[in-house]
Amino acid sequence: MPSQPDSGLAERLASVRADIAAAARAAGRVDADITLIVVTKFQSAELVRDLAALGVSDVGENRHPEARDKKLECDDLALTWHFIGQLQSNKAKAVALYADAVHSVDRASLVDALAAAQRPLDVFIQVNLTDDPNRGGVDPREIEPLAEKVLAQPSLSLRGLMAVAGLDAEPRAEFARVRGYSERLIRVAPDASSLSMGMSHDFADALAEGATHLRIGTAITGKRSLTP
Ligand SMILES: *Cc1c(COP(=O)(O)O)cnc(C)c1O
């Protein structure tokens with residue numbers, strides 16, 4: 001017998017959806033242009049099932065093989081799986097065999113490794129907004145050459161940019177920077193206009209700056225339950 005999703009989950013999801021709709025309206029945006037990706041890292045496959053039962057269509061994971069195992073357990077569900085975490089090149093081909101989209105593409109070797117799977121994949125180029133090269137993401141000056149590299153791979157569809165606002169930075173200003181980089185990217189890749197940005201605490205700012213893909217975890221799932 002399928003279990004009833006816990007009512008806390010349903011309430012938090014409804015509340016975040018209402019906040020997204022309100023922030024979208026305030027920004028003069030249309031709801032239909034916004035994809036809510038519920039980040040389920042460190043959460044059980046059961047919770048993914050509960051989310052699907054509540055109408056969630058997109059989930060985000062940040063680690064292999066946790067993501068693969070969960071996807072296998074939920075293979076009967078019509079979900080779109082987004083890989084949003086830093087990705088080592090030696091795991092990239094495996095990820096490309098089950099993910100529908102990878103948001104963390106930040107170097108040419110990763111593009112080659114993802115293309116090696118020869119499976120259709122949506123790709124976001126992650127931009128590093130900090131001066132710390134360990135934070136993941138490409139240096140903003142390298143966006144165009146990396147985009148050309150993705151565009152040259154027939155199995156990869158370049159969708160746009162992804163970014164995480166810096167911890168000490170003002171999120172709205174960070175997302176405005178990404179919007180500027182997006183205008184540059186569109187000149188070399190006119191179809192790559194999507195913007196994956198905005199998390200639990202800053203999605204309203206992201207929406208105001210044009211986010212099309214929100215990656216929201218704890219505001220919906222509550223505390224992360226699996227130990228890393
Ligand atoms: C965990 C994570 C999120 C979601 O963060 P919350 O604060 O739980 O909403 C979004 N993006 C990335 C890249 C993450 O790793």
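The model is predicted. Its protein chain has nine helices and eight strands. The radius of gyration is 17 Å, close to the 17 Å that the globule rule gives for 228 residues, so the chain is as compact as a globular protein of that length.

**Overall build**

- Taken along the principal axes, the C-alpha atoms of the protein chain fill a box of roughly 50 × 40 × 30 Å.
- Of the 228 residues in the chain, 50% are buried.
- The accessible surface of the chain is about 10700 Å². Carbon and sulfur atoms account for 50% of that surface.
- Take the contacts between residues at least 6 apart in sequence: 55% of them join residues at least 24 apart.

- Strand 3 (80–83) pairs with strand 4 (residues 101–105) in the parallel sense, over two bridges.
- Phe83 stands opposite Val102 in strand 4.
- Helix 4 (residues 89–96) belongs, with strand 3 and strand 4, to a right-handed β-α-β unit.
- Strand 4 also pairs with strand 5, again in the parallel sense, over three bridges.
- Here Val102 has Val123 of strand 5 as its bridge partner.
- From strand 4 the chain crosses through helix 5 (residues 108–115) to strand 5, and this β-α-β crossover is right-handed.
- Strand 4 is mostly covered, with five of its five residues buried.

- Strand 5 (residues 121–126) and strand 6 run parallel and are joined by six bridges.
- Phe124 stands opposite Gly160 in strand 6.
- A right-handed β-α-β unit is made by strand 5, helix 6 (residues 143–151) and strand 6.
- Strand 6 pairs with strand 7 (residues 194–196) in the parallel sense, over three bridges.
- Gly160 stands opposite Ser194 in strand 7.
- The chain path from strand 6 to strand 7 goes through helix 7 (residues 171–188), and this β-α-β crossover is right-handed.
- In strand 6 (residues 156–162), five of the seven residues are buried, so the strand is largely enclosed by the rest of the structure.

**Nonpolar core**

- The largest nonpolar core holds 64 residues.
- Ile20, Val102, Leu114, Leu158, Leu161 and Ile220 touch the most other members.
- Helix 1 (residues 7–26) gives the most to this core, with six residues.
- Beyond its neighbours within four places in sequence, Leu158 is in contact with Val123, Ile125, Ala147, Val150, Leu151, Leu185, Ala189, Asp191 and Ala192.

**Two buried loop residues**

- Thr40 is in the loop between strand 1 (35–39) and helix 2 (45–53).
- Thr40 has 0% relative accessibility, so it counts as buried; the cut-off is under 20%.
- Its contacts, leaving aside neighbours within four places in sequence, are Leu47, Val48, Leu51, Val59, Gly60, Glu61, Glu66 and Lys70.
- Leu79 lies in the loop between helix 3 (66–73) and strand 3.
- Leu79 is buried too, at 10% relative accessibility.
- Not counting residues up to four places away in sequence, Leu79 touches Val48, Ala52, Val56, Ser57, Asp58, Val59 and Asp100.
- Leu79 and Thr130 are 51 residues apart along the chain, and their C-alpha atoms are separated by 32 Å.

**Ser104 in strand 4**

- Ser104 is placed in strand 4 and counts as buried, at 1% relative accessibility.
- Leaving aside neighbours within four places in sequence, Ser104 is in contact with Phe83, Ile84, Gly85, Gln86, Leu87, Leu110, Phe124 and Gln126.
- Between Ser104 and Gly137, 33 residues apart along the chain, the C-alpha separation is 6.8 Å.

**Ala173 in helix 7**

- Ala173 lies in helix 7.
- Ala173 has a relative accessible area of 42%, so it is partly exposed.
- The C-alpha atoms of Ala173 and Asp205 are separated by 8.7 Å, and the two residues are 32 apart along the chain.

Definitions and conventions:
Residues numbered from 1 in each chain as written. Predicted model: local features only at pLDDT ≥ 70, side-chain atom pairs only at ≥ 80, totals over all residues. Heavy atoms only, no water. Buried < 20%, exposed > 50% of the residue type's maximum accessible area, 1.4 Å probe, protein only. Helix = DSSP H or I, 4+ residues; strand = E, 2+ residues; numbered from the N terminus. Pairing = 2+ DSSP bridges. Right-handed = clockwise from strand over helix to strand, strands pointing away. Rg over C-alpha atoms; globule rule 2.2 N^0.38 Å. Contact = heavy atoms within 4.5 Å. Areas by Shrake-Rupley, 256 points an atom, 1.4 Å probe, with all protein chains shown as cover. Core = buried A, V, L, I, M, F, W, Y, C linked by side-chain atoms within 4.5 Å.
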